[in-house]
Amino acid sequence: MTASHSDSLVVLFGATAGAYGAKLGSDERELILLVWQVVDLHSKKVGTLHKSLVKADNLDLSDQCREVSGLTPEGLGKAEPLDRVLQQFSQLVSSDLKVLGRSSYTLCSDGQLLIRQVLHPETSKKNFLLSDCFYSFYDLRKEFHTCYPSSAAVKDQTIKTMAEYLGLGTDEAEEDFGVWQVKTMVAIIFSMLSEDHAFTEPETVKYKYETGPCSKSETVDSETVIRARGLPWQSSDQDIARFFKGLNIAKGGVALCLNSQGRRNGEALVRFVNSEQRDLALERHKHHMGSRYIEVYKATGEEFLKIAGGTSNEVAQFLSKENQVIIRMRGLPFTATQEDVLGFLGPECPVTGGKEGLLFVKYPDGRPTGDAFVLFSCEEYAQNALKKHKEILGKRYIELFRSTAAEVQQVLNRYMSTPLIPTLPTPIIPVIPPAYTIATGSIRDCVRLRGLPYTAGIDDILEFMGDATGDIKPHGVHMVLNQQGRPSGDAFIQMKSADKAFMVAQKCHKKMMKDRYVEVFQCSGEEMNFVLMGGTLNRSGLSPPPCKLPCLSPPAYAAFQTAAVIPAEAAALYQPQALLPTTRTPQASAAAPPTVTYYPAQAAQLYMNYTAYYPSPPVSPTTVGYLAAPPGAVAAAATATHTPILPQPGALVRMQGLPYNTGMKEILSFFQGYQLQADSILMLYNFSGQPSGEALVTFPSLDLAKKAVAERNGQLLGSRCVQLYLV
């Protein structure tokens with residue numbers, strides 16, 4: 001039994017099969033030794049000193065462990081496993097307390113590591129519970145510094161330095177490993193008691209992670225936040241809290257990160273109650289969650305608020321019901337009502353507050369996205385709901401999975417602030433991004449990265465390059481995609497000079513990124529240009545790109561026209577809106593200029609520009625974004641090209657909910673009888689190059705478009721119900 005003001009301490013010391021001292025627990029090695037003794041704080045009597053070996057699953061001891069402890073695998077092989085040792089610990093402590101005539105106790109350890117970084121994580125992984133006494137303990141180093149303020153800083157204290165400060169004449173060599181440490185800790189405690197020191201404020205370990213909302217107006221200390229990377233995509237906030245078991249996470253402090261499609265990207269930001277807990281979390285870098293190792297890095301409070309913070313009163317009210325289990329529903333019919341969702345879930349999983357426990361995610365104009373969040377009061381109801389994963393509602397199967405308060409905020413922030421396609425009643429024109437200038441000469445001021453992990457993004461590359469990121473030209477990172485629009489494992493980076501490129505190639509060649517080593521080669525802008533335009537660069541030399549781009553200047557591939565080229569397919573998008581006409585330089589100059597400016601020449605894949613990448617979009621050449629523009633921008637664009645703006649006849653209809661394998665043939669068949677041509681259809685893709693499930697269709701007249709929406713809206717294409725909207 002424990003109490004906040006205990007009459008006894010149990011002095012506890014332990015060791016693992018790996019690192020010792022300040023790195024205890026940082027290598028995930030198992031506990032192999034526990035030594036303890038009961039101390040009566042009033043009578044200053046002690047109980048029996050107990051030493052127990054622990055049989056680890058892996059008996060391969062580190063060299064440091066062998067040297068410091070003197071233990072051997074043979075001796076540990078005869079010991080009891082950890083769960084049995086902890087049972088014996090409880091029994092022996094209770095027995096010693098009876099002898100001393102005491103009833104309550106609190107643990108006292110040398111620092112935080114044994115309790116927080118060894119016992120809690122190991123027992124969590126082995127799926128057995130620690131008794132209540134391990135959730136409250138005294139840190140002898142902190143207590144010592146409180147009693148003796150002139151002693152060394154807490155982080156610099158050890159049992160030996162504390163003993164030396166007090167002038168205790170103990171000889172470490174005379175005692176067994178662990179026994180000397182406990183006897184010395186007891187002697188230190190008696191010295192503190194003689195100074196009338198009181199043990200009144202123990203350290204605490206949270207029993208469970210508490211969920212809760214976070215407001216963007218909050219102040220979050222950057223010294224309390226970490227980024228965890230490499231998480232299984234299905235991880236919940238509770239899984240992440242379990243990974244950091246033993247450390248105190250702030251209420252609502254787990255924020256799962258989403259990608260541009262609103263799906264989890266394997267990262268999370270975690271906020272701890274103080275910087276001390278954050279520093280301990282950083283020591284769990286590359287610890288395992290199941291079979292995957294998790295990377296842990298420092299992050300900032302600003303990053304946390306960007307993901308977890310919210311401003312919506314509706315969301316705040318939804319999340320105000322604390323200690324609820326949150327389930328996310330995805331794929332709902334756009335016509336689904338609250339009654340439909342409650343009926344789908346059924347009486348076996350009642351929603352907290354009925355309709356008040358439902359939150360539908362909508363675009364700014366009120367259109368449903370097909371997502372919703374649901375609150376359940378207990379784990380049992382949530383589990384019953386998860387059993388309905390991929391069951392049918394209407395004509396669509398519904399996905400259900402665990403969610404978090406931070407994910408609710410993030411999803412609502414994403415949809416409410418940046419709609420996929422702007423719906424403002426302003427003219428829409430194609431906006432050409434700033435020109436990216438690529439040197440085409442032989443100056444070797446670029447580097448090529450080969451063998452990147454396919455999950456690597458620009459942030460990973462910037463981190464990989466370290467201090468050299470300051471020498472990258474603006475918009476100088478270019479990811480190379482394959483024919484399917486997926487990362488090829490290659491990237492090119494433009495540096496500020498050939499010397500900088502040389503230094504990066506020397507410093508980063510065969511350096512590890514995640515679990516792969518990356519090759520880094522110095523190259524020229526011309527070589528980079530060839531590969532970005534579809535050519536190949538290998539040991540045999542350069543193979544020029546195929547002549548597919550209308551802006552290409554055969555037979556010399558180094559020169560590209562500088563005029564903006566707008567895809568012909570885009571002409572069908574805009575009815576009375578303005579369109580910049582296609583222009584083309586009839587013939588390239590025979591002598592290649594020192595630099596080349598290029599723009600996209602076709603929009604076979606249209607990436608909607610609703611997320612910001614640094615320093616450039618992860619595709620090369622750059623993509624076209626279609627953004628709402630004021631009337632003045634239309635006139636300015638026309639003036640800049642010295643050509644008239646061409647109106648386009650017809651009306652535009654947006655299709656949502658398409659099967660991801662839908663092609664133009666299926667859409668033409670869906671609209672059979674509406675006088676459509678293949679070039680009237682534009683498929684939309686996301687930033688990963690994957691179909692977004694949407695398309696834009698231009699009809700010959702507004703009346704025909706209205707008729708199509710009236711007659712075909714809600715009809716099936718394949719197995720999915722398609723929604724139609726006039727744009």
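**Ground rules.** I worked on a predicted model, where local features need pLDDT of at least 70, side-chain atom pairs count only at pLDDT 80 or more, and totals for chains, interfaces and linings use all residues. Residues are numbered from 1 along each chain as its sequence is written, and side-chain values use heavy atoms, with hydrogens and water left out.

**Overall fold.** I looked up the secondary structure and found 20 helices and 34 strands in the protein chain. Helices (H or I, at least four residues) and strands (E, at least two) are DSSP runs, numbered from the N terminus. Of the 727 residues, 52% are buried. Buried means under 20% relative accessible area, exposed over 50%, partly exposed in between (1.4 Å probe, protein chains only). I then checked contacts (heavy atoms within 4.5 Å). Among those with a separation of 6 or more, 73% join residues 24 or more positions apart.

**Cores.** A nonpolar core is a set of buried Ala, Val, Leu, Ile, Met, Phe, Trp, Tyr and Cys residues joined through side-chain atoms within 4.5 Å. The largest one has 48 residues, and Leu12, Phe89, Leu107, Leu119, Phe134 and Phe244 touch the most other members. Helix α3 (residues 82-100) gives this core its largest share, seven residues. I also found a second, separate core of 33 residues, including Met162 and Phe177.

**Glu407.** I placed Glu407 in helix α14 (residues 405-417). Glu407 is buried, at 0% relative accessible area. Its side chain makes a polar contact with the side chain of Arg328 (3.2 Å). A polar contact is a pair of N or O atoms within 3.5 Å; within protein, one must be able to donate a hydrogen and the other to accept it, and residues adjacent in sequence count only if both atoms are side-chain atoms. Beyond four places in sequence, Glu407 also touches residues including Arg264 and Arg402.

**Salt bridges.** I used a side-chain nitrogen of Lys or Arg within 4 Å of a carboxyl oxygen of Asp or Glu. The count is 32. Glu348 and Lys388 pair at 2.8 Å, N to O. Glu348 lies in the loop between α12 (338-345) and β13 (358-362) and Lys388 in the loop between α13 (379-386) and β15 (391-393), so the pair ties together parts 40 residues apart in sequence. Lys388 is buried at 10%, whereas Glu348 is partly exposed at 36%. Glu519 pairs with Arg450 at 3.2 Å. Shared partners join Arg227, Arg229, Glu267, Glu303, Asp460, Glu463 and Lys514 into one network.
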